[in-house]
Amino acid sequence: MHYDDQPIIACSTGGSQSAAIHLVRLSGFSDLLSLQAAFSGPLEKCRPRTVFLSDIVEQKQVLDQAMLIYFEGPNSYTGENVLELNLHGNPLIVERVMELFTSQFGFRHAKEGEFTYRALTNGKMQLSQVEGLDLVLNANSELILNQGFKSLHGELYLKFTELYRYFIKLKATVEMQIDFAEDMGQEQAQILMDEALGKFENLLEELYLKSRGPLVDLATPEVVIYGPTNAGKSSLFNQLLKNERAIVSPEAGTTRDYVSENLHYKKNRYSLTDTAGIRQTSNAIEGQGIKRSRKLWDRAFYKLLVLNPFEENRDWMATEGIDFLVLSHKDRPEFAQKAAIYLENYSDIGILAVDLKNPGSIGPELLNAPIEPLLEKSLGQQTPELDSQVLDITYILDGVTSKFNKLAGENAIIVPRHKEALAVTWESFKRFQRLSLESYDIAILSNEINSLGINLQELIGIISADEVLDDLFSNFCIGK
Amino acid sequence: MEHLNQDQNFFDILIIGGGHAGIEAAHIATQFNLRVGLLSMPEVPLASTPCNPAIGGVGKGQVVREIDALGGLMGKIADASGIQFRILNESKGFAVQSTRVQVDKDLYSQCATELIARNLLISVVRIKVDKIQKIGDNFIAEGSDGRSYGGKKLILTTGTFLNGRTHCGETVETGGRVDKPSSSALGNLFAEVSVATHRFKTGTPPRLKNSSLDYTQFVVQATDPAAFNFHSLNAPNQRQQKQLDCFLAETSPKMMQEIRKNKERSPIYNGQIAGVGPRYCPSIEDKAFRYPDKDVHHVFVEPEGHNRQTMYPNGLSTSLPLEVQQKFLREMPGFETAEIMVPGYAVEYDVINTTELNLQLEHQNVTGLYFAGQVNGTSGYEEAAGQGIIAGINAALSLLKRAPLILSRNDSYIGVMIEDLVTDLRDEPYRLFTARAENRLFMREDNTINRISGYRKSLELKTELDDYQERYSKQFKWLSELCREVTIKANPANRKYFKEMAYGELTSNIFLEELLKRAHLNPIETLNNECLARGLSFDPLIVKGVAISLKYDGYIKRAEVQGRKMLKLGQKAVLWDQLQGNKNISFECRQRIAEIRPETFSQLQRIVGIRPATLAYVAGNLV
């Protein structure tokens, strides 16, 4: 447990599921007015224990409209200044609001049970109440994994447990080399060490990447259309926005040297970007333009490559990380022969052929037979019903949705505490690796392993002699 | 009673057991000018080394130096009888290096006997104790000769003698090396002092005739002249005995098969021994049965002394019958004609429930009664001696009505060990590993005096040792400051010098400290060079200590910051006697608290079965 008085924030309603509302609770800030920059409404008018309506804003962008209730300390649950925010029940909104307060207002995510802990230390709670909570939660001091962790889906649970096992092995290997050096040759020790390190690193990296990439993207998932000039990018862009099932936001998208629009589809909001807007006239600027579109492409959540099979596309085909390939000019003769080479090269991604004879006005069509199973595979959905004989472009949008749901679903590491801990653990591991390259001093390495262990315990909530109190409070639900 | 008080058989402190714990306790108590009676078994030499002939080792070397810095005997005796010195983990970094000394077993006991005999405040009585009683505030021990011995404090360091039984194949004898003493010897104290539910077991290998082995088949391990003596007042590299070699041998598949064939005859595997042996020190039977796929294990062949004909095959501890021992031994390369002088055997014994002790090693139900050494469930001479000196100091301090001495687990291995012992029970003999210490980078051999001199000073004994430690601390501080303040200018002369010394580049002015921290340099050699270059001469102990301390400085500080948050709460004192009557705490928790009697919050945390709500309540009331 951190025994600091830093302000803390947590979503009291869990926050990882969609719901009607989510309640975010902030405690320990010095003064309500110090939070003014996050609200559009004048906070001096916000009276304690009354409901106050305001937008939550981040640099003029509205994150959500919220109902606020302010409890002035000591007349609050924790005995400190407390602010409760009733937000709309979208996990992404909760995520972004919490991030606003942690990144710009000096809050940190509360540890499990920290609100209760503060209430206890501030004399706001009697022991009998804690004892009662304890019984209700059936807490057990030998509990290995905390509640927040258990509530996660099975696969991730197993992965974390596995990571802990690999860590124990790694630590044991190091300890063995110190305390039992004589029983083991240097060579054998090195083999054991390499093995332990390798296993731990592979799994940690997998988890770290899971916690990192998608989540940043999932807050504002970007769908980027990329490809050579005149391949048909803008036509596809317009098609996607025009589709009757997709609603184009009334507010204007960010327009710089590329065109971007907000697109709502099946309850999610995406930003759709057409890199065609990047001008490629003079050589110098062309370089800049390509650089910029590359950057957009790299951070994109969903990557659409548009190619005209009648052109030389060898360089473009080397592009990595494509989610979906669109082949244009289906209307031209010999399209099937030209397209065949792409079918071979992109056997694992969805391909859609479009007829762009009249750009912007003609509906897309599915390339014939061989592509159906590919589509199925990539979109993770049933083979489309072919009653209309013509499939529409919403299949691209379904592909986007499918990927989003997959990443935001059970496999993503979206519990902020885990995200934080994974980032710190990863950093700590990298430091350990650097050190192990430059030093043979096992004492220093073991020291590094120990700090790695401390970070890891944060992550998986394993009880240690030093952090038993954390464990105690980890048996209480966060924010309660 | 009254007549006994006048009697010369009544002492300030009575100690039962003349092993490593007993002699340390006796010696240190006399430093406070107290009279000590040391009752020791007839025919067992003082401070005998019945198992392996070595003092020190990883973690244990630190303990020996801690004992030495507190004013104990072990380092002095080991130096005087050392026939081989080695630095373990030499290639693995300074913080994990430890000294181990092979000792001449006869010389070791002889040296201990002389030190004790010369001490006029210690009366050694050779007697077997039949019964102990507490009468009023005093303790009375009745010897088998019918005489009584008394003391105001009693320290029990009885080793494996509590209900001990030895096993060698099917032959079982009562006694922890000798016959008959049992827990009934605790007399009327038996009701107050509980014994752990598990019996412990330990074993020892057969001793072999040194001329019967073929040393050409072994790898020679020679003594290391660079290793420092244990005792700080001895010249670091001066040896008092002629040095001998040790040897490295290996087991063979045929030998392991022979052992596996005789599973039914092994007391450990046929149920004859119920005691739990240490996992870190497995018998050869354990190795054979637990690792059926591994046939090649290391065996260290160690001399037991200049005048002994025996070699100690370290790694071959066994309780198989003699003829089986003989048979499997001869299947080992180099052991084809090996002759057994003393067969290997196992000992089973009771240990007391150490959670009933406090951090001074005093029993919580019997004021004035202290326990130290193997009877507390530890293994190893060093662990025993470390407890002995703490029990001796605290018995003395208590008698003088002074504040107790408690070593912290953050600056000493003795502190780690005692806190571990009193906090919870283990199901195997306790041995110190460096892994048990949270603060390993700091708890090194080279800075022992820095870590311990404060404790030693608080005893106010003012001997030669105290003068030395004060001089040491002053010089240490002086040299450390010098390293932090001396600048090496990046001028052509220094650049040339750096090149000559292979110090690396010198692109800008640096402090001497920064040079010492360069990864490719040995900080001790470098600091030695730089001292010489400036015409400075320091005690080699200080040069080593300063160089290594500076090297680890940054790492230790970082670890401290990490640990501080956790330590802050953990170090807070817990009033267990108030908690055990507190109705806000559940009945089961109060029971556990009354049993274990935690003195700090971290101890409370480590007790198995303490409920979260209890911790919350206690923490809430501490913060």
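On this tour, buried means under 20% relative accessible area, exposed means over 50%, and partly exposed is in between (1.4 Å probe, protein chains only). You're looking at a predicted model, where local features need pLDDT of at least 70 and side-chain atom pairs count only at pLDDT 80 or more, while totals for chains, interfaces and linings use all residues. Residues are numbered from 1 along each chain as its sequence is written, chains are lettered from A and ligands numbered from 1 in written order, and side-chain values use heavy atoms, without hydrogens and water.

Start by selecting A:F39, which is buried at 4% relative accessibility.

How are A:F39 and A:F101 arranged as an aromatic pair? They're tilted, 6.1 Å centre to centre with 45° between the planes. (Rings of Phe, Tyr and Trp, using its six-membered ring, pair if their centres lie within 6.5 Å; planes under 30 degrees apart are stacked, over 60 edge-to-face, the rest tilted.) A:F39 sits in the loop between β2 (21-27) and β3 (51-58) of chain A and A:F101 in helix α1 (residues 91-104), so the pair ties together parts 62 residues apart in sequence. Helices (H or I, at least four residues) and strands (E, at least two) are DSSP runs, numbered from the N terminus.

Last stop: hop to chain B and pick B:K263, which lies over the face of B:F289, 4.9 Å from the ring centre. That label needs NZ of Lys or CZ of Arg within 6 Å of the ring centre and within 35 degrees of the ring normal.
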